[in-house]
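The following exercises ask the reader to work through a structure step by step. Each task is followed by its solution.

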Amino acid sequence: MGNAPVRSDTESTARAPFAPWDRRDIPGSFSVEETARRVGNYKWTEMKLFEALGGWVATVPELDVKMRLGTHCYHHAWHADLWHKRLPELREMKPERLTVPANEAMERFIEAMTEPEAPELTIEKLVGVYRVLIPRFIAAYTYHRNNTSEITDAPTIRSINFILQDEFDDWRDGEMLLQSLITTPEHVRRAAEQQATLEAIMVEAGGITGADSIGTGVTTTTEGGV
Amino acid sequence: MRQFFPVEDLARDERFVQTNMAERMKDGRTAIDVEKTSSAKSRGASKRLTPDRHDASDAARGLMHGIMVGEIQALEGAGRTAHDFATGDGTNDTVPFELKLDMARQAWDEARHVEISAKLSDWMGTELGEFAENTVLFEAACSNDPILRLAGVNRALEGLAIDVFTQMKEFGDIAGDPYLEFCEDWMLADEVTHVKMGSDWLRKVTANDPDRRTKALEFQQVVDKLFSFGGARGESEESSFSLAKRFRELAGFTDDEVDTISQMDHEALEERKEAVRKYRERVGADA
């Protein structure tokens, strides 16, 4: 402190608040309320997913699948926890109030996805998660990350970036398990039928946060922002 | 998917053979020597798992396989508890959101333990399914009350895992197997966490419900006694492994609770010896 170097009058420390390489900007597509609504939908769906994965562990005979489901169960629980903690920061002091499905079709989707229980239905279980739901998560999170304000909503972006890393890794795991299990025309038929059934319900739902999940559908709520 | 999942429906591939506690106790290979007259190198002199035991290799392989199938059931049990109950304040068959998160975390930990145990079993020359699988651990995870599950699985059975892993870690150390010792040490760290989860949630959820807490602790004692395998755990040389008191303290057990388990282990050993004595007398009388 006492021996600080003497600064010359010409050596200025004044710099622009944003470095030349920092192109982040204020405008974003979502208000605080709309962000909270989406985050509540994310939390509800991540919860349903980790509960389903946990429940299925005991129902699948394939040891490698059993262990992957247990691992991925925690990933989605962690995502749900991140969103649970984000909600009060978005002025929702009762997180459970917004921990809801986007709509009735989304609730129906989860019921249909979690219906298979028998030990010979591992393909159906994995198709629902890794070929329908997780791709929808990746889409909704990517849309949110790319459209929210990079400055005002940085905490959401940070969480989405961590979560997306998990989603991509888990999707890869699930897809590889499916490719190793689908070895006959009958398996192909079963996988395709299950995917078509669930995809139809998901289309009705419009995605994880409803019709506007990736910005292509009808805006359902208070989307606005700057 | 059903809300509750019965133990008889646990999904396994064709290599696994399942059994229950009654069948296991009938197995002559688990019998204890009530006379204690065997030579120093024989199994009867000390049941501790040490490398100089003539059957050390098979005993260690069998124990490791038992650990592996136990981890599979612990994974399944944690997953079911994350699934089976609605989110709420802990009353009326609900569980707090954070308890569900802990169960999901435990599912991941148990999945890693299955991976570790499978690698260790392979390292020790054991085939998957080479030993029978006792499904009693998952049975303790089938209660309709989530707090009973935590008492039975997290406090009683994961507590037992602390004792067994401590034993196996020592075995690895004495046998000069750093691979085994390393793995057991890491699993031991996770188990202490799981037991602490059980202790913390038991106290928190039953803070205003002393009857429920009493029932849960009674259930824990039943499971503890069942899993003492008739005195397989205890301070006596006749017991296969000892109570890891220090780690249990770290996991939230009080001194009184540790003493109770220790006393129960001793009683279980004496009860079993008495049962064997009576059986031999009866067989002798019939002959």
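Helices, of at least four residues, and strands, of at least two, are DSSP runs, numbered from the N terminus. The model examined here is predicted.

**Exercise 1. The elements of chain B**

Task: State how many helices and strands there are in chain B, and describe the order in which the elements run.

Solution. Step 1: Chain B contains nine helices and four strands. Step 2: Read from the N terminus on, the elements follow the order β-α-α-β-β-α-β-α-α-α-α-α-α. Step 3: The chain has 287 residues, of which 44% are buried. Step 4: Of the contacts in chain B with a separation of 6 or more, 74% are between residues 24 or more positions apart.

**Exercise 2. The buried side of a helix**

Task: Determine which residues of helix 4 of chain A are buried, and what they pack against.

Solution. Step 1: A residue counts as buried if 20 or more other C-beta atoms lie within 10 Å of its own C-beta atom, and as exposed if 12 or fewer do. Step 2: In helix 4 of chain A, residues 104-113, the residues M106(A), F109(A), I110(A) and M113(A) are buried. Step 3: These residues lie on the same side of helix 4 of chain A, because they cover an arc of only 95° around the axis. Step 5: The exposed residues E104(A) and E111(A) are carried by the face of helix 4 of chain A that is turned away from its buried side. Step 6: The packing partners of the buried residues are helix 1 (32-56), helix 5 (122-147) and helix 7 (185-205) of chain A.

**Exercise 3. Where the chains meet**

Task: Describe the side of chain B that touches chain A, and name the element that gives the most to it.

Solution. Step 1: In total, 25 residues of chain B are in contact with 26 residues of chain A. Step 2: On the side of chain B, the elements that give two or more residues are helix 2 (56-84) and helix 3 (97-123). Step 3: Helix 3 of chain B gives the most, with 12 residues. Step 4: By class, this side of chain B has 14 nonpolar, nine charged and two polar residues.

**Exercise 4. A helix pair within chain B**

Task: Classify the packing of helix 3 of chain B with helix 6 of chain B.

Solution. Step 1: The axes of helix 3 and helix 6 (residues 178-205) of chain B come within 11 Å and cross at roughly 160°. Step 2: Angles over 145 degrees count as roughly antiparallel. Therefore helix 3 of chain B is roughly antiparallel to helix 6 of chain B. Step 3: Helix 3 of chain B passes helix 6 of chain B in a left-handed crossing. Step 4: Among the residues that meet are L99(B), I116(B) and W123(B) in helix 3 of chain B, and Y179(B), M197(B) and W201(B) in helix 6 of chain B. Step 5: By class, the contact has 10 nonpolar, three polar and three charged residues.

**Exercise 5. Individual residues**

Task: Decide whether K66(A) is buried or exposed, and describe the setting of R91(A) and of N92(B).

Solution. Step 1: K66(A) lies in helix 2 of chain A. K66(A) counts as buried because it has 25 C-beta neighbours inside 10 Å. Step 2: Leaving aside its neighbours within four places in sequence, K66(A) is in contact with V57(A), V60(A) and L75(B). Step 3: Most residues other than glycine have a negative phi. R91(A) has a positive phi of about 70° although it is not a glycine, and N92(B) has one of about 50°. Step 4: R91(A) lies in the loop between helix 2 (63-89) and helix 3 (95-98) of chain A, and N92(B) in the loop between strand 2 (86-87) and strand 3 (94-95) of chain B. Step 5: R91(A) is exposed, with 10 other C-beta atoms within 10 Å, and N92(B) is exposed, with 8.

Definitions and conventions: Residues numbered from 1 in each chain as written. Chains lettered and ligands numbered in written order. Predicted model: local features only at pLDDT ≥ 70, side-chain atom pairs only at ≥ 80, totals over all residues. Contact = placed C-beta atoms within 7 Å. Nonpolar A, V, L, I, M, F, W, Y, C, P; charged D, E, K, R; others polar. Arc of directions from axis to C-beta. Axes fitted to C-alpha atoms, helices over the stretch in contact; angles between N-to-C directions. Parallel < 35°, antiparallel > 145°, perpendicular 65-115°, else oblique. Left-handed = near helix turned anticlockwise from the far one by under 90°.
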